[in-house]
Amino acid sequence: MAQYARGSAVAVIRLRNPPVNALSRAVLQALEDGLKKADADPSVKAVMICGENGKFSAGADIRGFSAPKRLGGALGPVVSLIESSEKPVVAAIEGVALGGGLEVALGCHYRIAHVKARMGLPEVTLGLLPGAEGTQRLPRLIGVPAALDMITTGKHIPATEALKLGLVDEIVEENTIEAAIRLANKVIGQPLGPRRLSLKPVPKVPNMEAFLDEALAKVKRQARGCLAPELCFQAVRAATQSPFADGVRRERELFQVLLSSGQAQALQYAFFAERAVRRWATPGGASWSSAAPQPVRRAAVIGLGTMGRGIVTSLVKANIPLVALEQDLENLNKGRKAVMFLLEREAMKMEGGAQVLDFHNPARLQFTVDFDLLRDVDLVIEAVFENMALKKEIFHKLSKICKPGALLCTNTSALNIDEIASATNRPQQVIGTHFFSPAHVMRLLEIIYGRHTSPTAIATAMQLATALKKVGVVVGNCFGFVGNRMMFPYVQQAVFLLEEGSRPDAVDQALEDFGFKIGPFRMSDLAGLDVGWRSRKDQGLTGPSLPAGTPARQRRGQRYSPLPDLLCEHGRFGQKTGKGWYLYEKAGGRTATPDPWLLNFLSQYRDTHGIQTRFIDQEEILERCLFSLINEGFAILAEGIASGPEHLDVIYINGYGWPKHRGGPMFYASTVGLPRVLAKLQKYSEAHPDVPGLQPSAFLKKLAAVGNPPLKEWMSYLSQQSSKL
Ligand SMILES: CCCCCCCCCCCCC[C@H](O)CC(=O)SCCNC(=O)CCNC(=O)[C@H](O)C(C)(C)COP(=O)(O)OP(=O)(O)OC[C@H]1O[C@@H](n2cnc3c(N)ncnc32)[C@H](O)[C@@H]1OP(=O)(O)O
Ligand SMILES: NC(=O)c1ccc[n+]([C@@H]2O[C@H](COP(=O)([O-])OP(=O)(O)OC[C@H]3O[C@@H](n4cnc5c(N)ncnc54)[C@H](O)[C@@H]3O)[C@@H](O)[C@H]2O)c1
């Protein structure tokens, strides 16, 4: 709703739709009614529009896009109605003015914002474009380069930047509403023509065409298959080429194209999925609604290798004082140098820089090799080598040293949380906090509860995720948890495809064309092939503990490819050694080129093992890699390791570079259709009966058999008994 009130000469229209004053059909109707009332009342000389509860508006009600009747198509005309008012209209922007909310403000004749307000046109992140004339008004107000930047990236900008760009007329530190009413009183009677953005020309840019060509090339490069950025660009280009009314028509056409695209549905699903996973629950009955987190006033990180460095950086950025511990002085100095380098770089990106982060202050960041300094911390994150014996030794020590309430977290990628917890005197306070590399950049935090983990521990880890500006996803304990467990069959298929005749660059290209940021072979080279090699040796799959006479391409009765092990035996660990699945310009180099040595090696390998080479097309690459990953997802759901498909999708989008415009693997499966996914898996598992990852999971079969229900109904088809937790 929008509440209309008249005080003195200024009528106030307050947008009201908690929690973020989204513009639903009802809100728009009330806004329109309020404007008409103000227009008809001769005692009203000006109008002020604001939002309830310190928020202007987060834009159109996103849920309305899947039920357009609920939203209506009326936002553009309402914005025009505001602009054409004969009485000055002032927007008082507090909190956020996003999307349609900012478009409403752009229709107003004046905009005044609180210094802490944020503004933006984030429609592109939902697979849309600003559809209420924003692509035509914003370039007229702040110029084409700044408008293109805001509209094609969807970034939110602070009020201070909005003032510099001329997006707002004034910013205030105190009461925005009072300041807006003062401004409204001041401008009564002043001519409104110059304040109507639709009447302004688009400011000229020298050599506009060349500028636009370059901007388009950049937008395309960054979009990686996502439609919306390019259509946002086209709408802004229309503003530079056509009169306002024609530009608006073009904007509407492009909006409709996007609205009916699958990509918009996928991106909007991803928006709500990210929010849904905050409401975590475990099969044991613990949940976000009843569990309270405990405060984390001081933390510790153990191990300052690849992961520990990023985790320390993340904690410092979140303003959490901490102790960083290494095993000896040599590693401590190495780790300290690396952390300082990361923090200096982060500080340069921030307003206020190093002073804000305060990382030179030992009260906020202390480096040590002394476990005794961990006595009073509230939370410890262990990030030492992936080795169970070492982790248990550390956790045993922690449980003796740390105060009774301290939470003990492990960054293990795959190991059993219960076994680690068994080394302590407080298994209820042991939890997995699985960061992704680089830990100060990647948004995902996979939070793994063990058999004894308390609801308080889960709530505290979730609160930590929020403090670190990460997306926390709560999952159960199994080898590889959710993300890595789904990744195993995917990478396994990629390697099998090489055995059968494909090439690393062909497999990577197919998956990068699908939208992945990086294909499986480039990814393995980046992460280091030695990491998986060590883990396979620990599991007895390769190395000296392998019983003599084990067939080269079989383990425990299943197909196995020794190719990654053979590469490591040749000293090819990936980027760090300058060669892996690809060749690099030097050790530590980043430019991957296909390596003739590897292609020759593959061909000899196939000859040795009598494998017939065949051409493998893109379709087969995609289906085998993606459907085996999805298949594992269904098994995870059936076991109760995750409480819904949204969890798997949020994990894949935020931790594994899955293209967001495809909504995550489980959403993607729902768009392909489960019967089709099932049929393909059946076909491939018949061709490869010794590959369990291709054998369709029982849950997938069940969903296909009951008629391919929509994703949000999947979990209702799981019987209680099937949960293993
Ligand atoms: C036949 C023809 C039919 C044609 C119909 C076509 C109509 C044509 C008209 C086009 C008009 C276009 C108008 C406009 O250009 C389009 C838009 O405005 S799209 C929306 C753009 N806005 C956004 O993307 C903002 C999204 N929100 C956020 O970024 C954040 O929520 C926030 C505002 C920064 C707040 O963040 P937080 O404080 O962290 O809070 P949450 O994120 O947890 O949000 C709280 C709660 O609110 C829900 N929510 C937030 N924004 C919206 C929204 N815009 N609509 C609906 N709901 C919203 C959010 O989901 C949370 O609820 P929960 O999911 O937890 O229940
Ligand atoms: N590298 C990744 O991409 C990644 C991603 C997610 C999770 N992980 C997990 O994070 C953990 C750390 O991985 P990494 O890649 O950072 O390893 P790493 O080898 O880069 O670093 C491990 C660090 O731990 C230190 N260490 C070893 N024993 C110690 C002890 N007793 N006390 C204090 N410090 C000790 C080492 O000196 C080293 O600096 C592992 O469990 C790994 O599986 C790694």
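So, which residue has a polar backbone atom 3.5 Å from an oxygen atom of ligand 2? That one is Gly 305, and a polar contact here is a pair of N or O atoms within 3.5 Å.

Quick housekeeping: this is a predicted model, where local features need pLDDT of at least 70 and side-chain atom pairs count only at pLDDT 80 or more, while totals for chains, interfaces and linings use all residues. Residues are numbered from 1 along each chain, chains are lettered from A and ligands numbered from 1 in the order written, and side-chain values use heavy atoms, leaving out hydrogens and water.

Okay, back to ligand 2. Glu 326 puts a polar side-chain atom 2.5 Å from one of the ligand's oxygen atoms, and for Gln 327 the side-chain distance to an oxygen atom is 2.9 Å. On its own, ligand 2 has 830 Å² of accessible area, and the protein covers 81% of it (that's Shrake-Rupley with a 1.4 Å probe).

Who's around it? There are 23 residues around ligand 2, each with a heavy atom within 4 Å. Met 307, Glu 326, Glu 386, Lys 391 and Ser 413 come nearest. By type, the shell splits into 10 nonpolar, 10 polar and 3 charged residues, with Gly counted as polar and Met as nonpolar.

Now the elements, which are DSSP runs: helices (H or I) of at least four residues, strands (E) of at least two. Two or more shell residues come from each of α13 (306-317), α16 (388-401) and β15 (430-435). The top contributor is α16, with 3 residues.

Methods: A polar contact is a pair of N or O atoms within 3.5 Å; within protein, one must be able to donate a hydrogen and the other to accept it, and residues adjacent in sequence count only if both atoms are side-chain atoms.
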